[in-house]
Amino acid sequence: MAKKDTQVQPGTQPENEKTRSLEVHTADAAGKPMTTDHGVKINDDQHSLKAGERGATLLEDFILREKITHFDHERIPERIVHARGSGAHGVFKLYKSLGSVTKAGFLNDTETETPVFVRFSTVAGSRGSTDLARDVRGFAVKFYTKQGNFDLVGNNMPVFFIQDAMKFPDLVHAVKPEPDNEIPQAASAHDTFWDFISLMPESTHMIMWLMSDRAIPRSLRMMEGFGVHTFRFINDKGEASFVKFHWKPLLGVHSVAWDEAQNISGKDPDFHRRDLWEAIESGAFPEWELGVQIVPEADEFKFEFDLLDPTKIIPEELVPVQRIGKMTLNRNPDNFFAETEQVAFHVGHIVPGIDFTNDPLLQGRLFSYTDTQLIRLGGPNFHEIPINRPVVPVHNNQRDGYMRQTINSGKTSYGPNSLGNNDPQQVKAADGGFTSYQERIDAKKVRSRSKSFFDHFSQAKLFFNSQSDPEKNHLIDALSFELGKVKTVAIRQRMIGILSLVDEGLAAQVAFALGLKKPKKPEQPINHSIPADGKPLDFQPLMIEGKLKTSAALSMSGTIKNTIKSRKIAILAADGVDAKSIKTVQSGLIGAGAVVQVIAPKLGPLVAADSSEIAVDESFLTAASVLYDAVYVPGGTNSVATLEAEANAVHFLNESFKHCKAIAADDQAMQVLEATYFSNKLPEDFSDETVLKEGIVMGNDPAKLAKQFIQAIMQHRFWEREKPRQVPA
Ligand code: HDE
């Protein structure tokens, strides 16, 4: 029977219909004898069977053979993309019925809690690569509904690089490590990626997202999710409407700084995985609201862009996002391989009430997922792996194949049949049998692209213009970094040409960083993907001025900033620390839901000035500022004297300042701040307003300090600080 970690409080990780269904497949060895795979009890698992103590090992040792053979076969191929991922169980609860637009049961019934399993991922890196790569994040949700599994296999960015599935293998070959030397790992900053991108102007909008801070999230719990394609909802009258899916995180959308991301990759490459795991273990369950943008079928052609084009969003100003329900992730997997690795998502897993559109990227995906899972999971029966099974019974005439688990009784495995009552029976649409939407199609077979897909820049501009100044600066820095790693100057120059079509200032600044010249006026856009017999002019991008100039939802600056729940706060202290200060601030932060850790020159408890003992969580050797959201230095004469002379403590503060984090210190700890590079940038006063603007809190009243510090941490980052770039940490 399944039993969670001993550290988990009973009942904090709730069960649901799906997790209960996994229990029959779950083994717990606590208190049990060791056996072979075939159930024979093992007496000695330490020594192989030999002819004499120094003798040769005997082939008859079935216990050794079984153990080593199983080990030799432990690995399966990693996913060709999205290899690095982290999963969690949870539930989805609907706020209001969507019965007028879809007959999907889980979007009609507000009483049901639908079990879900979610897998977040990076795209380019291998299974063991860092979480903090600059990359798109996968956001795949399997809903175990009463009508079968619905998979919403999305990303944390609402658009994609390419418009046609035909180019996907090229895109992935370009971004993966280069084939001769397998360098670089989990990074797009190399020649082949930018070579391809610079020749594919349709990728420009996605490149804006990828170069923005969305590509380096603070936490998987603090990113949005998008279904990307336009899907269809179908109601019980058979009427269709278009729908785009969104996930909105209740903790807001937050990112780290690029310098920080690179440091985290060394200090804790599992940073996101650990963060998700620890939040769920501690009961700080991550939550997202599911949003939908619904477009009546009659409005299909009312937009400046094509709804089928996956390089376009529907701006929220044009079609608002209705929040229709909430997903809560409340249970960690019992076994990474069995659940997170073996889960098989497929954009083609839909239920009655949801259907596809002709988005050519979506259409190609419909083929790819089962195909890749056949090789990755070793045969056609991967739907029987416990994590992939629906919570409803499965009956059909599919049979046999590698690793078949189900014992199908009876003589018939075909239909129609008369020997088996013609079972299993087909189901009428009215009783829930799936029927495809009867879209009218009357067309020639062509390898081509609709002219309505030819605007590649208007939404790239919309995205760039919607960013706050710090976000724009980060985007410029990211492009300068990535293209700076490209060795071929002609590729860099080609990208400057493309950027000049988005924003001349952007192009000029990136060109400056690369020591290149921006074209005098925006270059005529060029599409290089022209079929052999195509006329180049027929395939050239169109320059369209979008009517909408900015869209607030595209910037992270206006995101939710009202909580410090689950944020990690460091307290730097040494022997002689002021017990009242440390305890007051600590309990204030914990009361607001934060995770607080005391970091000291060495492990073992600290002895405070009043001789009380304070538990230490990490030493300066094992901790690093990049793993925390904010830092506090309490007073206490001996403690501050030790910290002032401790280079690691000063470095911790410098880095926190550089990465624009909230910093708090008792007045008594001033001498530690004076040892930092930012001592000359401390605010004049520490009123509520200054604290909210500058993110630095000082004072001699720990209760007031804690309050102001919490307000500052809620702001996440004080990006204005970056401007002078004077902190060399
Ligand atoms: Fe995927 N994608 N994809 N993709 N994708 C895979 O399926 C593919 C695309 C996405 O956590 C693969 O099981 C094609 C868009 C996620 O297990 C593969 C095209 C979006 C995951 C595949 C796309 C996604 C995958 C690799 C272009 C966002 C991870 C392993 C036509 C809407 C799911 C696997 C997980 C995984 C194919 C484009 C999301 C090869 C052909 C657009 C989140 O089948």
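**Exercise 1.** Locate H82 among the secondary-structure elements, then state its phi and its burial class.

*Solution.* Helices (H or I, at least four residues) and strands (E, at least two) are DSSP runs, numbered from the N terminus. On that basis, H82 lies in the loop between α2 (62–72) and β1 (85–94). This is a predicted model, in which local features need pLDDT of at least 70 and side-chain atom pairs count only at pLDDT 80 or more, whereas totals for chains, interfaces and linings use all residues. Residues are numbered from 1 along each chain as its sequence is written.

Next, phi: H82 has a positive value of about 60° although it is not a glycine. Most residues other than glycine have a negative phi, and most peptide bonds are trans.

Finally, burial. A residue is buried if 20 or more other C-beta atoms lie within 10 Å of its own, exposed if 12 or fewer, and partly exposed in between, with C-beta atoms placed from the backbone. H82 has 22 C-beta neighbours inside 10 Å and therefore counts as buried.

**Exercise 2.** Is D400 buried or exposed?

*Solution.* D400 is in the loop between α9 and α10, and its phi is also positive, about 60°, although D400 is not a glycine. With 10 other C-beta atoms within 10 Å, D400 is exposed.

**Exercise 3.** Describe the shell around the ligand by nearest residues, class and contributing elements.

*Solution.* A residue is near a molecule if its C-beta atom, placed from the backbone, lies within 6 Å of it. Of the 24 residues around the ligand, R79, H82, G138, A165 and V228 come nearest.

By class, the shell has eleven nonpolar, ten polar and three charged residues. Here Ala, Val, Leu, Ile, Met, Phe, Trp, Tyr, Cys and Pro count as nonpolar, Asp, Glu, Lys and Arg as charged, and the others, Gly among them, as polar.

At least two shell residues come from each of β2 (113–122), β3 (137–145), β4 (148–155) and α9 (360–376). The most come from α9, with seven residues.

**Exercise 4.** Determine the strand order of the six-stranded open sheet and its edges.

*Solution.* Two strands pair if DSSP finds at least two bridges between them. The order is β15-β12-β11-β16-β17-β18, with parallel pairing. The edge strands are β15 (618–619) and β18 (696–699), each pairing on one side only. Four bridges join β17 (residues 662–666) to β18, and A665 stands opposite M698 in β18.
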